[in-house]
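Student: Please take me slowly through one part of this model, starting from a single turn. After that, I would like to follow the rest of the fold from there.

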Amino acid sequence: MEFLEKFYWEDTMKKKIILLVSFIIIGLIGLHAIDSVAHPLKVKGNVDLTRNLESSALKLEDKLFNGDEVETKAESFAAIQFQDESSIIKLFPNTILNIRTEKNGEKYNKRSLLKMGELWAKVEK
């Protein structure tokens with residue numbers, strides 16, 4: 001009886017370890033699958049980046065992802081370039097832009113939403 005209990009416990013532990021390792025590998029693969037869609041070219045003044053309901057100051061080294069929101073405050077601006085290098089957007093003071101861009105193969109489908117303010121855009125095919 002003791003042998004069967006030991007065998008059952010070892011078999012169950014092996015299954016749990018294999019399951020845990022599988023989840024870790026899938027999670028790591030998923031992290032690499034998320035690519036940034038844009039990056040700041042210039043940031044002047046007070047510009048905020050909101051991602052997953054958390055805000056921080058936008059920095060030149062930041063990467064922008066689908067769903068991010070960029071907000072320029074008074075006397076501030078930001079210039080953003082999309083990763084396919086076909087589009088540049090300049091956000092003027094007191095502007096909020098929600099980035100809605102998805103990568104489809106080598107192309108980017110850009111449908112960003114201007115919530116408030118003014119912007120200038122240069123778009124090329």
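Tutor: In the hairpin of E8 and E9, two residues lie between the strands, and Gly105 takes a positive phi near 70 degrees there. The strand names follow DSSP runs numbered from the N terminus, where a strand (E) needs at least two residues and a helix (H or I) at least four. This is a predicted model, in which local features need pLDDT of at least 70 and side-chain atom pairs count only at pLDDT 80 or more, while totals for chains, interfaces and linings use all residues. Residues are numbered from 1 along each chain as its sequence is written, and side-chain values use heavy atoms, with hydrogens and water left out.

Strand E8 covers residues 101-104 and strand E9 covers residues 107-110, and the two pair in the antiparallel sense over four bridges; to count as paired, two strands need at least two bridges found by DSSP. Lys103 has Tyr108 in E9 as its bridge partner. In general, strands of a sheet pair through backbone hydrogen bonds, either parallel or antiparallel.

One group of strands is an open sheet of five, in the order E3-E2-E4-E7-E10, with antiparallel pairing. Its edge strands are E3 (54-57) and E10 (113-116), each of which pairs on one side only, and the twist from one strand to the next averages 20 degrees. For such angles, axes are lines fitted to C-alpha atoms, and angles between N-to-C directions run from 0 to 180 degrees. Within this sheet, E2 and E3 are joined by four bridges in the antiparallel sense, and Arg51 has Glu54 in E3 as its bridge partner.

Val47 is placed in E2 and counts as buried because its relative accessibility is 1%. Leaving aside neighbours within four places in sequence, Val47 is in contact with residues including Ser56, Leu58, Val70, Phe77 and Ala78, where contact means heavy atoms within 4.5 Å. Val47 and Glu71 are 24 residues apart in sequence, but their C-alpha atoms are 5.6 Å apart in space. Asp48 also has its place in strand E2, which spans residues 47-51, and it is buried, with a relative accessible area of 18%. Not counting residues up to four places away in sequence, Asp48 touches several residues, among them Ser56, Glu69 and Lys73.

Another open sheet has four strands in the order E1-E5-E6-E11, and its pairing is antiparallel. Strand E1 (38-44) and strand E11 (119-123) stand at the edges with a single partner strand each, so one side of each is left without a neighbour in the sheet. Neighbouring strands of this sheet are turned by 15 degrees against each other on average, direction ignored. E1 is joined by six bridges to strand E5 (residues 77-82), which runs antiparallel to it, and Ala38 stands opposite Phe82 in E5.

The side chains give further detail. Lys110 lies over the face of Phe82 at 5.7 Å from the ring centre, and Lys90 lies over the face of Phe77 at 4.6 Å; a charge sits over a ring if NZ of Lys or CZ of Arg is within 6 Å of the ring centre and within 35 degrees of the ring normal. Finally, Phe92 lies in the loop between strand E6 (87-91) and strand E7 (95-98), and it is partly exposed, with a relative accessible area of 30%. Beyond residues up to four places away in sequence, Phe92 touches Thr72, Ser76, Phe77, Glu118, Leu119 and Trp120.

How values were computed:
Buried means under 20% relative accessible area, exposed over 50%, partly exposed in between (1.4 Å probe, protein chains only).
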